[in-house]
Amino acid sequence: MMNAAFLTWSFLHVLTKDRLEAMLGVYGDLETALTRMGPELLQALGCRPDTVEKTLVRLEEFDANRYATELARRGIQIVDMFDPLYPSRLLEIGDPPVFLSYKGDLSILSQPTIGLVGTRAMTNYGKRVTEFFTPAFVQACMVTVSG
């Protein structure tokens with residue numbers, strides 16, 4: 001559910017699973033925690049001083065309605081780790097992202113997946129390796145994911 005608090009916390013990019021659990025243990029929900037937002041809360045969550053400063057600046061400039069409109073314009077959805085749509089295999093990693101933004105159909109992630117990580121400026125070697133492996137991935141009906 002994308003209410004203002006959900007959108008704000010997803011925008012700020014400061015919550016890890018452990019930070020979220022600690023925060024919910026104290027405040028109970030994202031809305032209440034957001035009303036307590038400040039340097040003390042961010043420091044208690046374990047944010048470094050530069051992260052605290054940047055987060056507070058981002059929060060001051062944040063407009064939930066404008067953000068929601070931009071997400072909709074781009075066709076981007078956001079789920080949190082408690083949403084039934086959140087990929088179950090992603091919950092198995094040590095520190096899954098609290099919020100996941102995506103385009104398209106998340107249900108395809110129940111199929112075999114492969115994560116591809118690289119640079120925007122591909123080298124000739126990278127191109128050859130990609131051209132070599134890609135047909136096998138396609139033939140195996142693997143879904144490509146990236147982060």
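A: Happy to! Helices here are DSSP runs of H or I with at least four residues, strands are E runs of at least two, and both are numbered from the N terminus. Please keep in mind that this is a predicted model.

With that in hand, let's start at helix H7, which covers residues 124-139, 16 residues in total. From its first C-alpha to its last, H7 reaches 24 Å, close to the 22 Å expected at 1.5 Å a residue. H7 has a kink of about 30° at Phe133, shortly before the proline Pro135. Just after H7 comes Cys141, with a positive phi of about 60°.

Now to the loops. Asp83 sits between strand S1 (77-80) and strand S2 (99-102). Asp83 is buried but forms no salt bridge; Arg89, the nearest side chain of opposite charge, is 16 Å away. A polar atom of the Asp83 side chain does lie 2.7 Å from the backbone nitrogen of Leu85.

Moving on, Lys103 is found in the loop between S2 and strand S3 (113-115). Lys103 counts as exposed because its relative accessible area is 58%, and the cut-off for exposed is over 50%. Leaving aside residues up to four places away in sequence, Lys103 touches Arg74, Gly75 and Ile76. With Arg74 there is also a polar pairing: its backbone oxygen lies 3.3 Å from a polar atom of the Lys103 side chain. Finally, Ala68 is 35 residues from Lys103 in sequence, and their C-alpha atoms are 14 Å apart in space.

How values were computed. Residues are numbered from 1 along each chain as its sequence is written. This is a predicted model: local features need pLDDT of at least 70, side-chain atom pairs count only at pLDDT 80 or more; totals for chains, interfaces and linings use all residues. Side-chain values use heavy atoms; hydrogens and water are left out. Buried means under 20% relative accessible area, exposed over 50%, partly exposed in between (1.4 Å probe, protein chains only). Lys and Arg count as positive and Asp and Glu as negative; His and the chain ends are not counted. A salt bridge is a side-chain nitrogen of Lys or Arg within 4 Å of a carboxyl oxygen of Asp or Glu. A polar contact is a pair of N or O atoms within 3.5 Å; within protein, one must be able to donate a hydrogen and the other to accept it, and residues adjacent in sequence count only if both atoms are side-chain atoms. The expected span of a helix is 1.5 Å times one less than its number of residues. The bend at a residue is the angle between axes fitted to the seven residues ending there and the seven starting there. Contact means heavy atoms within 4.5 Å.
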